[in-house]
Amino acid sequence: MEQAQDRVTESKVIGIATPRIDGPLKTTGKAMYASDHHFPGLVYAWPSTATIASGTITSIDTSIAEKMPGVIAIYHHDNLGPLYRTPPAAGFSMIVDEKRPPLEDTTVRYYGQYVAVAVASTVEQARAAAEAIKVTYAKTDHNTSDKLLGTLLSEPRPKQVTKRGDTAAVLASAAIKHDAVYSTPTETHNPIELHASVAVYQDGKFTLYETSQAVVNHRDVLAAMLGVPPENVQVITRFLGSGFGGKLWPWPQSALTAACARNLKRPVKLVVSRSMMFQSVGHRPAIDQRIQLAADSSGKLTAIQQDYVNHTSMQDDYDEGCGEATGFIYSSPNLLVTGGLARRNVGTPTSMRGPGAVPGLFALESAMDELALKLKLDPVQLRLMNEPSKDESTGQPFSSRHLKECLTTGAEKFGWSKRTPGIGSMQRDGLTLGWGMAACTWIAARTDAEATVELLQDGSARCICGTQDIGTGTYTAIALMVAHETAVPLNKIDVVLGDSSLPPGPISGGSWATASVTPAVLQAAQKAAKTLLIAAVGAAGSPFVGKKAEELEFVDGNVRLKGRAQGAVPFAEILRIANVKAVSGTGKSEGTFGNPNEKYSSHSYGAQFAEITWQSEIARLRVSRVVTVIDAGRMLNPRTARNQIEGAVVMGVGMALLEATEYDQRTGAPINSSLADYVVAVNADTPDIDITFLDYPDYNLNPLGARGVGEIGLAGVAPAIANAVHHATGVRVRRLPIRIEDLLG
C-alpha cells in the first residue's frame, strides 16, 4: 500500500532547468533503439500487405518468392502457427487496439492489412520476396468515407457520455445560440523512429526489443498472443524515437515477428516501412462534431451539447472520447455529450497526442469564439465569466485549477488589449493580422507504479523502474527525484528503465508517467535511507554504534544524529564500514485514474493565443507567434517541460494547417503515405513561441505537486489558429486542416 508522504516545498534540484542525462548517449549514437539490436544468426522479416480494403483471400501463391535468393521462409494464415487473442483488459494490462492477431483468418478489412510475411537473410531479400507473393482476392465493397455524422453507427443509437439538465428544452427556446459541425481528419503519427520489433526466442522464452510506450502491458499482451506465461516474455525499450501515442499498445508486427522467431528458432527483425505506418499501426480517427451552445444576453452559458462521431475499424471499437473536457471546462446548468462510432475499412485507430480533448476542444473552442461574436463579447471575457467553481459533471472540487490566471496572464503577455475586433482590421508591414485564442485542459492522473532505489558503496545511486523514456525526459526526472532525496550528484545516479523485468512502472501515455513514478521513487529512496540508518547503528566500527536508528537522519548524503551537522558521515563510508555493497528500498504507489473514490477532479489547464499573418495578394498564411500559458502543477525540470510545450505547439500548427491522411475512395488506400506527401510542420512553419508556466503545485496528485505537460501543450492550439484566421479573413473554417482554398472564397 502507498504510504502518505510529506509534500516537497523546497529542493536544491527539483525545479532547476537540467540537461537530459541521456543526452550524451543520443548525440554520440550510443543509445540503442529497437531496430539497432543485432544478434548472431539474425534474419529479416517483411510483411506482404493487402491491396484491397475489403474482401477475402482466395489463394496465396508463394512459389516464386520461396525460390528467391536468401529466402528462409514464407508464412501466411495456413502455416504461421498459433497466435491467440488477448483476454479482456484489466486496468492497464492486456490493452491492444487491433485485437485480431496477424494472419488469423483470410478476411481483409483494410488496405495494408498483413496477409503474409517473408523471412530472408537480408532486409532487401525479404522485401523482394514479400512483393513477389501473389495473393488473389474476392473483393467486396469498402467504405473509407470521412462523412460521419448522420451515417450508420456501430450501435443503434449514440451513447450518452455526460448529461445534466435539459439541453433540448433550453436550446429550443434560447434567444442566443450557436449550432455548427466541426470536422477533423484522419491524422497519422509520424515519429522519426519507425515501429520496429526484434524477437529472440530461446528455450521457450522470448526477448522482444520493441518500440513501446508501455513495456509491461506489451509483455502481457504478447504472452497472451503467443500462449506462454508472462515470465517467458521480456520486453525491452531503452530508448524511443517518439511515439505520440502510436506506440502505446502492441501492433501486429510485434506478434508476427515473435511467431517467426519461434518457428525458425532464430532472431528476427521487422521494421515497419513509412507507408505501412499509415496502414497498420493506428492513427487519430476522422471525427465529426456538432456543437450547440446557448447563452443569455450577458454571456452566461445556459446549455452545451456536443454530439461526436469518429470512425473506427470494422472489428474494433475505438472511441476518441471527444467530450472528455466538455463537462467541466465551463459552467452550464444544462449539458449533454453523446458519442458514436462509424465503421470504416481502415486500420484500427489509436491514441494520438491529446486523444479526445484535443479534437474535442477544436470544436468547442471554435464554437465559443463564434458565440462570442454573436454576443459581441471579447472571447477572453466570455470564458472568464463562465468559470465553474467545481466540476459540474461530477460534483467534485477541483484538485487545483488556475484557468483564470492562464487566460489573464496570456492576454497580458500577448497584448490582447490592443486587439480590434473588426475582421481584417489589424495590419502590420503590409500584412493582415489575425489574433485568436482558446482555453485548454488535459486530465491529470496517476497509474500504479513501483520503483527500487539503491545506495551503493562507491557513493552512487541507482533507480530501476519498468516504465520507459519516450524522449520526454523521464530518465532525467527520476534522477532529479533520487538526487533530491539522497543528494547524490546527477552524474553518479544510474536510472534503468525500459525493461518489463524491472519493477512494474506506468505507461508513458496521458502525460501521466512522471506524476505516477514520483511517489514510488521518493518512497523507494526513503526506504533505502532507513535501511542505511539500520546499517549505521549495527556495523562494528561505525561512529553510531549503540544508537538507535530513530536517533539518526539521512541529510545531504550523510548520516548524522538528528539535528546535528557535526559528526556527519557520508553514506558511502557507512556502507564501507559495514562491508555492505548496497542498501535498497522499494516504493509502490497506487493509481488515481479510474478510481471511483477519488476526492478531486484533477486536470491541467492552459490558454493559447495565436497570431497569424495573411497576405491575400499571394494567398500566404503563416502562424507568426504563439503565447501559451500552462497551469500544470510544479515543473520538475523546466527545460524538458518547455521542450514538450514547444513541440506540442508546432504539432498544433501542423494540425491546424497541414496534416490530413487522404484515402483513395476507389481502393481504400491511404494515398499520401510518405513524408513527401503527408505534410507536417517543419522549421520554416515554426512561429515565435512564448511559454509561461504558472507555479501552482498540485499536492493532491503527488508529493512534488507535479502534473504532465505533453498533451496540454497541443490542446487549444488548432482552435486558436482557426479563430485567428477568421479574425483576419472573415472566413470561418470548421474542417481541418485550413487550406488556402478555404480562404480564396
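Is threonine 62 buried or exposed? In this predicted model, threonine 62 is buried, with a relative accessible area of 9%. The residue sits in the loop between β2 (55–61) and α2 (63–66). Beyond its neighbours within four places in sequence, threonine 62 is in contact with Ile74, His76 and Ile133.

Serine 48 belongs to strand β1 (residues 43–49). Its relative accessibility is 6%, so serine 48 counts as buried, the cut-off being under 20%.

Asparagine 345 is placed in the loop between β15 (335–343) and α8. Its contacts come from several parts of the sequence: Ala53, Ser54, Arg109, Tyr110, Asp141, His142, Asn143, Thr144 and Met314, with residues up to four places away not counted. Serine 145 lies 200 residues from asparagine 345 along the chain. Even so, the C-alpha atoms of the two residues are separated by 9.1 Å.

The nonpolar cores come next. In soluble globular proteins, nonpolar side chains tend to be buried together. Here, the largest nonpolar core holds 96 residues. Within this core, Phe609, Ile612, Ile721 and Ile738 touch the most other members. Helix α8 (residues 357–375) makes the biggest contribution, giving 11 residues to the core. A second core is separate and has 65 residues. Its members include Val115, Val228, Val268 and Phe278.

Isoleucine 738 shows the surroundings of one member of the largest core. Neighbours within four places in sequence aside, isoleucine 738 is in contact with Leu621, Ala656, Leu657, Ala722, Val725, Val733 and Leu743. A cis peptide bond occurs from leucine 736 to proline 737, with omega near -5°. Proline 737 is found in the loop between α15 (717–729) and α16 (740–743).

Two helices, α11 (residues 474–486) and α12 (residues 513–538), were examined as a pair. Their axes come within 9 Å and cross at roughly 30°. The angle is under 35 degrees, so α11 is roughly parallel to α12. The crossing of α11 and α12 is right-handed. On the α11 side, the contact is made by Ala477, Ile478, Met481, Val482, His484, Glu485 and Thr486. These residues meet Thr514, Val517, Thr518, Val521, Leu522, Ala525 and Gln526 in α12. The contact comprises 8 nonpolar, 5 polar and 1 charged residues.

Backbone geometry stands out at two loop positions. Alanine 487 has a positive phi of about 65°, although this residue is not a glycine. Alanine 487 lies in the loop between α11 and β20 (493–496). The residue is partly exposed, with a relative accessible area of 39%. Asparagine 579 is likewise not a glycine, yet has a positive phi of about 55°. Its place is the loop between α13 (571–578) and β24 (582–589). Asparagine 579 has a relative accessible area of 67%, which is over 50%, and therefore counts as exposed.

Notes
Residues are numbered from 1 along each chain as its sequence is written. This is a predicted model: local features need pLDDT of at least 70, side-chain atom pairs count only at pLDDT 80 or more; totals for chains, interfaces and linings use all residues. Side-chain values use heavy atoms; hydrogens and water are left out. A nonpolar core is a set of buried Ala, Val, Leu, Ile, Met, Phe, Trp, Tyr and Cys residues joined through side-chain atoms within 4.5 Å. Buried means under 20% relative accessible area, exposed over 50%, partly exposed in between (1.4 Å probe, protein chains only). Helices (H or I, at least four residues) and strands (E, at least two) are DSSP runs, numbered from the N terminus. Contact means heavy atoms within 4.5 Å. Axes are lines fitted to C-alpha atoms, for helices over the stretch in contact, and angles run from 0 to 180 degrees between N-to-C directions. Angles under 35 degrees count as roughly parallel, over 145 as roughly antiparallel, 65 to 115 as roughly perpendicular and the rest as oblique. A crossing is left-handed if the near helix is turned anticlockwise from the far one by less than a right angle, and right-handed if clockwise. Ala, Val, Leu, Ile, Met, Phe, Trp, Tyr, Cys and Pro count as nonpolar, Asp, Glu, Lys and Arg as charged, and the others, Gly among them, as polar.
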